[in-house]
Amino acid sequence: MYRDEGVVLRTTPLAEADRIITVLTRRGGRVRAVAKGVRKTSSRFGSRLEPGTYVDLMLHSGRSLDTVTQADIISPYGTTIALDYARHTAAAVMLETAERLTSEERQPALRLFLLLVGGLRTLAAGQRPAPLVLDAYLLRSLAVSGYGMALDDCARCGEPGQHLSLSVAGGGVVCPQCRPHGAASVSAGAVRLLTDLLRGDWDGALASEARARREAGGIVAAYLQWHLERGLRALPHLERA
């Protein structure tokens with residue numbers, strides 16, 4: 001038996017009344033566990049194990065899957081977020097990204113866990129635009145996972161300065177001399193917004209224009225899918241209005 005806290009990333013039906021839950025935990029990384037009987041109306045903790053919920057868990061270790069023996073809600077982020085479609089779709093992308101970036105089970109990923117909890121908390125508060133919260137989370141999570149986007153210096157030669165060409169495959173902005181075939185031209189506003197989101201400068205991010213936000217959101221989505229090497233199921237449903 002062991003205890004840990006985590007965020008429910010995904011649930012999958014099992015047999016007639018059980019579910020397999022995928023959880024990103026504080027200490028143990030990504031864990032899959034069976035929650036028995038949670039699909040029954042009489043279940044003690046079925047509603048506590050929905051995606052986006054921050055829970056305190058008691059689990060029993062198993063050979064391939066652990067078993068949930070107790071679940072208590074720390075913060076019902078998923079329930080609050082589900083009331084707004086833009087926040088709901090942003091959270092879905094966050095949860096799927098967190099699962100994809102923790103490719104190995106039972107490998108501690110504390111920084112990714114803290115980023116996810118912080119992102120969901122901010123979404124649930126509803127005080128900042130969901131698309132900006134999502135893009136900030138994605139940029140920081142990619143950076144923690146070793147896929148940081150170069151925004152200050154050329155991603156290829158390190159030349160400092162404001163570069164207005166961006167190569168998704170190359171890892172960020174590139175200077176005119178290093179610009180590869182297929183690199184995209186980007187506006188100064190979009191680069192500035194991406195930099196503000198990566199650094200956590202919310203005053204700068206909130207002062208950005210709608211055009212820069214749309215452009216930056218497209219860049220982040222393309223960059224994310226390139227480094228994950230395949231698309232996210234939740235991304236086409238994302239609302240960025």
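A: Buried means under 20% relative accessible area, exposed over 50%, and partly exposed in between (1.4 Å probe, protein chains only). Helices (H or I, at least four residues) and strands (E, at least two) are DSSP runs, numbered from the N terminus. This is a predicted model, in which local features need pLDDT of at least 70 and side-chain atom pairs count only at pLDDT 80 or more, while totals for chains, interfaces and linings use all residues. Residues are numbered from 1 along each chain as its sequence is written, and side-chain values use heavy atoms, with hydrogens and water left out.

Q: Which residues of helix 5 are buried?

A: They are Ala190, Val191, Leu193, Leu194, Thr195, Asp196 and Leu197. Their cover includes helix 4, strand 7 (172-174), helix 6 and helix 7. Gly200, with a positive phi near 80°, follows helix 5.

Q: How many residues does the largest nonpolar core have?

A: A nonpolar core is a set of buried Ala, Val, Leu, Ile, Met, Phe, Trp, Tyr and Cys residues joined through side-chain atoms within 4.5 Å. Here the largest has 54 residues, and Leu116 and Leu120 have the most contacts inside it. Elements giving two or more residues to this core include strand 1 (2-14), helix 3 (110-125) and helix 5 (188-199). Helix 4 supplies the largest share, nine residues.

Q: What does Leu120 touch?

A: Contact means heavy atoms within 4.5 Å. Leaving aside residues up to four places away in sequence, Leu120 touches Val7, Gly52, Tyr77, Ile81, Ala91, Met94 and Leu95.
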